[in-house]
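Welcome, and thanks for taking a look at this fold with us. Below is a short tour, from an aromatic cluster out to the sheet and a few individual residues.

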Amino acid sequence: MLNYNMEYRKGILFIRLFGSLNKNTAFNFNTYFIPMIIKNGIKNIVYNLSYLDELDDIGLEALNDGRKAVAEVYLFNVPQNINLTLSWENRIIKDELVAIKLMEI
């Protein structure tokens, strides 16, 4: 099961994910978030992964799909057991508030 909490602040949509983003939940994640992001013209997202119990390759692919819909995406608190592709290398931040400085909003 995947739950979320969203907050839009200073031009950034903060999405805090709870539970599992995996092969069972990734489709629903994409069918909700990507259209919502496009419809509302959101350009900047921070995914907070602090509360995820599981993130598999399919879930990571879902996060990648979200990247294609916006200008800037950052990850916060990536679980230690997750191997990110090089394309995420400079997209990991230590604090949600760092995103505001990085995105120069």
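## Aromatic residues

F33 counts as buried, with a relative accessibility of 2%; here buried means under 20% relative accessible area, exposed over 50%, and partly exposed in between, using a 1.4 Å probe and protein chains only. Please keep in mind that this is a predicted model, in which local features need pLDDT of at least 70, side-chain atom pairs count only at pLDDT 80 or more, and totals for chains, interfaces and linings use all residues. Residues are numbered from 1 along each chain as its sequence is written, and side-chain values use heavy atoms, with hydrogens and water left out.

The rings of F29 and F33 have centres 4.7 Å apart and planes at 45°, so this pair is tilted. Rings of Phe, Tyr and Trp (its six-membered ring) pair if their centres lie within 6.5 Å; planes under 30 degrees apart count as stacked, over 60 as edge-to-face, and the rest as tilted. F29 and F33 are about one helical turn from each other, because they sit 4 residues apart in helix 1. F29 is buried too, its relative accessible area being 3%. Helices (H or I, at least four residues) and strands (E, at least two) are DSSP runs, numbered from the N terminus.

By this rule the model has 6 aromatic pairs. Y4 belongs to strand 1 and F33 to helix 1, so their pair ties together parts that are 29 residues apart in sequence. Y4 is partly exposed, at 39% relative accessibility. Which residues do the ring pairs link into a cluster? They are Y4, F29, Y32, F33 and Y47.

A charge sits over a ring if NZ of Lys or CZ of Arg is within 6 Å of the ring centre and within 35 degrees of the ring normal.

| Charged residue | Ring | Distance to ring centre |
|---|---|---|
| R9 | F14 | 4.6 Å |
| R91 | Y74 | 5.0 Å |

## The sheet and its helices

Now for the wider architecture. An open sheet is formed by 5 strands in the order 1-2-3-4-5, with mixed pairing; two strands pair if DSSP finds at least two bridges between them. Strand 1 and strand 5 (92-93) stand at the edges with a single partner strand each, so one side of each has no neighbour in the sheet.

Strand 3 (residues 44-55) pairs with strand 4 (residues 72-76) in the parallel sense, over 5 bridges. Within this part of the sheet, V46 has Y74 in strand 4 as its bridge partner. Strand 4 also pairs with strand 5 in the parallel sense, over 2 bridges, and L75 stands opposite I92 in strand 5. Of the 5 residues of strand 4, 4 are buried, so this strand is largely enclosed by the rest of the structure.

Helix 1 lies across strand 1, strand 2 and strand 3, running at about 15° to strand 1. Helix 2 packs on the sheet as well, touching strand 2, strand 3 and strand 4, and its direction makes about 175° with that of strand 3. For these angles, axes are lines fitted to C-alpha atoms, for helices over the stretch in contact, and angles run from 0 to 180 degrees between N-to-C directions. Contact means heavy atoms within 4.5 Å.

Strand 3, helix 2 and strand 4 together make a right-handed β-α-β unit. A crossover is right-handed if, with the strands pointing away from the viewer, the path from the first strand over the helix to the second runs clockwise.

N30 lies in helix 1 (residues 26-39) and is buried, with a relative accessible area of 17%. Leaving aside residues up to four places away in sequence, N30 touches P35, A62 and D65.

N64 is found in helix 2 (residues 57-67) and is partly exposed, at 23% relative accessibility. With residues up to four places away in sequence again left out, N64 touches S87 and W88. The C-alpha atoms of N64 and W88 are separated by 8.9 Å, and the two residues are 24 apart along the chain.

Most residues other than glycine have a negative phi. K10 has a positive phi of about 50° although it is not a glycine. K10 is exposed, at 56% relative accessibility.
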